[in-house]
Amino acid sequence: MTRTVWTNEEKTAVFASMIDVFIEQPLTTNRTAMHHAQNVLVKDRRVKITDQRVHTYKARIEEARTTAKARVKNLPKPAPKVAEPVPPPPLQNDTDIGVLFAALVDRLVEQVLDKVEARMRRPEPDYGHVDYEAEYAKRNAEFRRASVDGGWLPESYTKPRPFILVVGLLDSQASMIATQYRKQNVDLLFYTADEAKSRAIPKGCDAAFLMTKFISHAAQDRVRAVVPVVKLVNSGLHSLSQEIDRFLEGGT
């Protein structure tokens with residue numbers, strides 16, 4: 001069998017092809033690279049690549065590998081890929097949107113109705129449920145008995161607590177005033193503006209303080225017909241407190 005010996009032109013072609021092999025497969029072995037590179041030759045000029053042949057052409061193989069690395073280094077870097085915008089989800093049809101909107105409206109209406117119902121069920125503030133007319137009559141009777149025949153009073157006698165009617169506050173405002181005077185020697189009764197027009201005015205009241213911004217003239221007249229001292233308060237809770245304090249200190 002005749003031994004194939006490459007000509008100089010064939011060697012040049014093989015090692016030029018080997019550069020392309022190393023560019024495409026930089027980690028391939030020398031033997032594999034030489035095997036693929038000889039494919040540039042016609043079939044009957046290709047040979048079996050042995051370790052001896054690789055060793056014989058070691059210098060030229062390393063030269064081809066170095067040339068391939070240099071060419072890869074000088075290749076232009078590919079432009080970074082720009083992420084394609086994600087298309088928005090398809091819009092729902094008008095029917096679906098209408099159903100969702102109707103459900104939302106129903107839910108909001110349900111919440112509002114629940115709040116209104118809870119407010120209507122709220123119990124009326126408890127201010128002690130004192131029978132002020134009976135208490136006033138009892139204390140006045142004690143006072144009259146103690147002061148008869150000479151106007152003197154026994155040491156054990158305690159002057160009746162002032163009884164004050166306040167008209168025109170909201171529940172929260174009435175609670176604040178009641179808390180403020182809870183430990184003082186005074187009895188407070190609170191009517192709303194509507195209650196002043198419909199409920200009986202206690203005859204035992206010593207004074208009444210009316211929040212004029214919320215009380216009609218008819219309600220004012222009902223209070224004046226029963227209570228001896230009526231004070232009109234034009235401002236807020238601070239002014240009301242000042243008027244009550246002035247009355248308790250003996251003012252009119």
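Q: If buried means under 20% relative accessible area, exposed over 50% and partly exposed in between (1.4 Å probe, protein chains only), why does Phe101 count as exposed?

A: Phe101 has a relative accessibility of 56%, and because the cut-off for exposed is over 50%, the residue counts as exposed. Phe101 is placed in helix 5, residues 94-120, where helices (H or I, at least four residues) and strands (E, at least two) are DSSP runs numbered from the N terminus. This is a predicted model, in which local features need pLDDT of at least 70 and side-chain atom pairs count only at pLDDT 80 or more, while totals for chains, interfaces and linings use all residues. Residues are numbered from 1 along each chain as its sequence is written, and side-chain values use heavy atoms, with hydrogens and water left out.

Q: Why is Tyr57 called buried?

A: Tyr57 has a relative accessible area of 13%, and since buried means under 20%, the residue is called buried. Tyr57 lies in the loop between helix 3 (51-56) and helix 4 (58-74), and touches Lys11, Phe15 and Met34, not counting residues up to four places away in sequence, a contact meaning heavy atoms within 4.5 Å. Phe15 is 42 residues from Tyr57 along the chain, yet their C-alpha atoms are separated by 9.6 Å. Across the protein chain, buried residues make up 28% of the 252 residues.

Q: How do you know that strand 3 and strand 4 pair?

A: Two strands pair if DSSP finds at least two bridges between them; strand 3 (residues 207-211) and strand 4 have four bridges, in the parallel sense, and therefore meet the requirement of at least two. Ala208 stands opposite Val230 in strand 4.

Q: In what order do the four strands form the open sheet?

A: The order is 2-1-3-4, with parallel pairing. Strand 2 (187-191) and strand 4 (230-233) are the edge strands, each pairing on one side only.
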